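Student: I would like to learn how to read a structure feature by feature. Could you walk me through one?

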Amino acid sequence: MSDVRHEARLEARHLSRHFVVRSGHGFVRPKRIVRAVDDVSLALRERRVTAVVGESGSGKSVLARMLARIVTPTSGELVLDGTTIELGSPRDLAYASEVQLVLQDPFASINPVHRIANSLARPLAIHGIPKAELGDRMRAALSRVSLEPPERYLDRYPHELSGGQLQRVSIARALCVNPKVLLADEPISMLDVSVRLGVLNLLRGLCDDEQLAVLYITHDIASARYIADETIVMYAGNVVERSEGTALIDSPAHPYTQLLISSVPDPSDPLRRAPEIEDRAGQGIFPDVGCRFAPRCPHAMEVCRTSAPPMFEVAAGHEARCWLHESAVKVSVTRREQGGNISTT
Amino acid sequence: MDSATTNLTVDELNDTVLEIEDFCVDYGWGETAVRAVNNVNLSVRRSRVLGVAGESGSGKSTLVYAVTRLLRSPGVISGGSARLTYDDPTASDVKRRTVDLMAASGSELRAIRWSQVSIVLQSALNALNPVLRIGHEFDELLKTHRKDLKKEQRHARAVELLGLVGLNEDRLSRFPHELSGGQRQRIMIALALALDPQLVIMDEPTTALDVVTQREIVNELAQLRARFGFSMIFITHDLSLLVELADDIAVMYSGNVVEWAPAGDLYSAPRHPYTLGLLNSSPPLSGERHELVGIAGAPPDLSQPLSGCSFHNRCPFVLERCSRDVPPLRILDSSGRKAACWLHDDPTTVPVALRRVALATSPGEPAPGAPMTLAREEIR
């Protein structure tokens, strides 16, 4: 997109998280493995917003929690600023001060019985900021999220603020330890329509002005298009499509992305109709072999049911995990371990 | 969306199912009362969809709960009337009946609810009893309202209803937690249609759902409406969804209806600054990326009402009188559309963005002319 080189801050390499569940009733309950996140690689770069789009159950929140090291990955590795993180080791303060997570519901993620000042002072105290500096750091954090003047907010309780203001407090709390990576898990979905843009513009501004690497997780593909530098679509734990900028939204290559985009209500285009979904009963069933979208895919072929597709390059900087694109390109691409670079085989 | 209302005669157009007049709802009593719905006048026409848009706290849900007399204390209906007109299949002579919902007794209400007016709530997980199988919900409903049905007939009807919303009959033996969000919401819709009501109220039925599931349910609703011809009140905060779905849209802000217009007109040519702001708040899926500005400030705190227009502290076109006088909801032109805004009092004060010509075509044509956005700057 731009000529400036964007340093990778946090990288995920082949990150997976599998959960073991037991289903059914009775004495013998068969074990089943749910692949919540399966072999996901991505790089969060400074001054870039990486948007991850997916519906509920696609594994996008588990991915964010793994990146924040709240959930331990089953396999794969995390690389922070070039240093590989020992996965078994407990999350230490150093990691937490570099990577911070903002959650979806500000009403649930800020303690309702404490003043805002308390919620902001807590992480600062944990990260060993001297008491004398606390006030300045808190005020600075609130100013960074455009809550002006900060003094007005420090003594308030969460119920005295609106959802939009509270989400800004939540972002301020994440920023007050000066992280390099900000993970935002559906930061606007609980907010009123009229204040959503304000929070999105804030995230974009923070990313540009403070060299933050931002992961923006959403189910609202239009908002991803609004702020993203790189867009990733997840389905059933897999990355099904990724592109630089918003190419995948403007010209979606994967049938799931096409379905997702055509489902968004868009009154400016009345002739557009959602494509028929082959088998609605297939929803919620993710096969272990073959493409995980195959049961719902209108273009599903024989090969889709037998072997899982790799990523195929559709255009420069735009790949889709779909067999349909196998013949369209001469070379198949695989994501190599080094730095998320694409190499041809 | 397809609507079943293409060739209406004048008579049918005047045929209202629900007429709400000067409706006011307070929370609490006396000095501390908070006005949640303020002098709302709305009507729902037969076989048509009225969309109600607004943010949280705008009073949209309170309005329909109060109208259907489901509002619980400390909610108080402090004024106004609501009349429901319906066809009574059991009556021998006069088929069409009008009931004053505010004066109706408990037994009258019980006769109307579900059989004439049904409601679909936002959270189907909370609306369905978690310890009862789905089949039980259908059975109980039919047992109460259709006493003549035998057990097998009730089961057959439940299967038929599930078929309407595209679910297999094996769902009847499931518990709510075994179903996905979309399936639960479909069950709620099937339950709402069980007694063939004249009016179905949908309170944010798709808000908690994924966009793909939302699309399926919206398409299904359109088909069901074409088939059964029920009227609908559809409440949501998603204005672009409403433009597709509704015939008329009322935009609520801070308890007041601030604009009312046919869906297409409202989208292509908003007249109230708040409607314009809402339309500008959703990033588009196509075209150049521009920095968009939502609506400045925060949604209103109803316990501290503003003097004058409740939107004046967030309005980009605010006039001096806006903070003094409350604008009435007035008819603007021959199409009958209404807005509550002082800007339209004097033709010279109407900003370009609120002066666009409504397209005569169906909802959704992109409008030419004046820019919609207030500020357009490339993000990078």
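Tutor: Happy to! Keep in mind that this is a predicted model. Let's begin in chain B, where B:Gly166 sits in the loop between α6 and α7 (181–192).

Student: Is B:Gly166 buried, exposed or partly exposed?

Tutor: Counting neighbours settles that. B:Gly166 has 16 other C-beta atoms within 10 Å, so it is partly exposed. Sequence distance is worth a look too: B:Gly166 and B:Ile187 are 21 residues apart along the chain, and their C-alpha atoms are separated by 9.8 Å.

Student: And how do I read a pair of helices, say α5 (residues 134–145) and α6 (residues 151–164) of chain B?

Tutor: Start with the axes. Those of α5(B) and α6(B) come within 10 Å and cross at roughly 120°, which means α5(B) is oblique to α6(B). The crossing is right-handed. From α5(B), the contact uses B:Gly135, B:Phe138, B:Asp139, B:Leu142 and B:Lys143, while α6(B) brings B:Arg154, B:Arg157, B:Ala158 and B:Leu161. By class, this contact has 4 nonpolar, 1 polar and 4 charged residues.

Student: Why is helix α1 (residues 60–67) of chain A described as largely enclosed by the rest of the structure?

Tutor: Because 7 of its 8 residues are buried. Among them are A:Val62, A:Leu63, A:Met66 and A:Leu67, and A:Lys60 is buried as well. Just after α1(A), A:Arg69 takes a positive phi of about 60°.

Student: What about sheets?

Tutor: The general idea is that strands of a sheet pair through backbone hydrogen bonds, either parallel or antiparallel. In chain A, an open sheet of 8 strands with mixed pairing has the order β6-β7-β8-β3-β9-β10-β12-β11. Its edge strands, β6 (99–102) and β11 (312–315), each pair on one side only. On average, neighbouring strands are turned by 20° against each other, direction ignored.

Student: How many bridges join β6(A) to β7 (residues 181–185) of chain A?

Tutor: There are 4, and the two strands run parallel. For one residue to look up, take A:Leu101, whose bridge partner in β7(A) is A:Leu183.

Student: Last topic: how do I read the interface between the chains?

Tutor: The size of an interface is often given as the accessible area lost when the parts come together. Here we can count residues instead: 34 of chain A are in contact with 39 of chain B. On the chain A side, α7 (163–175), α8 (193–209), α9 (221–227) and α11 (255–263) give two or more residues each. The largest share, 8 residues, comes from α8(A). That side of chain A divides into 14 nonpolar, 13 polar and 7 charged residues.

Methods
Residues are numbered from 1 along each chain as its sequence is written. Chains are lettered from A and ligands numbered from 1 in the order in which they are written. This is a predicted model: local features need pLDDT of at least 70, side-chain atom pairs count only at pLDDT 80 or more; totals for chains, interfaces and linings use all residues. Axes are lines fitted to C-alpha atoms, for helices over the stretch in contact, and angles run from 0 to 180 degrees between N-to-C directions. Angles under 35 degrees count as roughly parallel, over 145 as roughly antiparallel, 65 to 115 as roughly perpendicular and the rest as oblique. A crossing is left-handed if the near helix is turned anticlockwise from the far one by less than a right angle, and right-handed if clockwise. Two residues are in contact if their C-beta atoms, placed from the backbone, lie within 7 Å. Ala, Val, Leu, Ile, Met, Phe, Trp, Tyr, Cys and Pro count as nonpolar, Asp, Glu, Lys and Arg as charged, and the others, Gly among them, as polar. A residue is buried if 20 or more other C-beta atoms lie within 10 Å of its own, exposed if 12 or fewer, and partly exposed in between; C-beta atoms are placed from the backbone. Two strands pair if DSSP finds at least two bridges between them.
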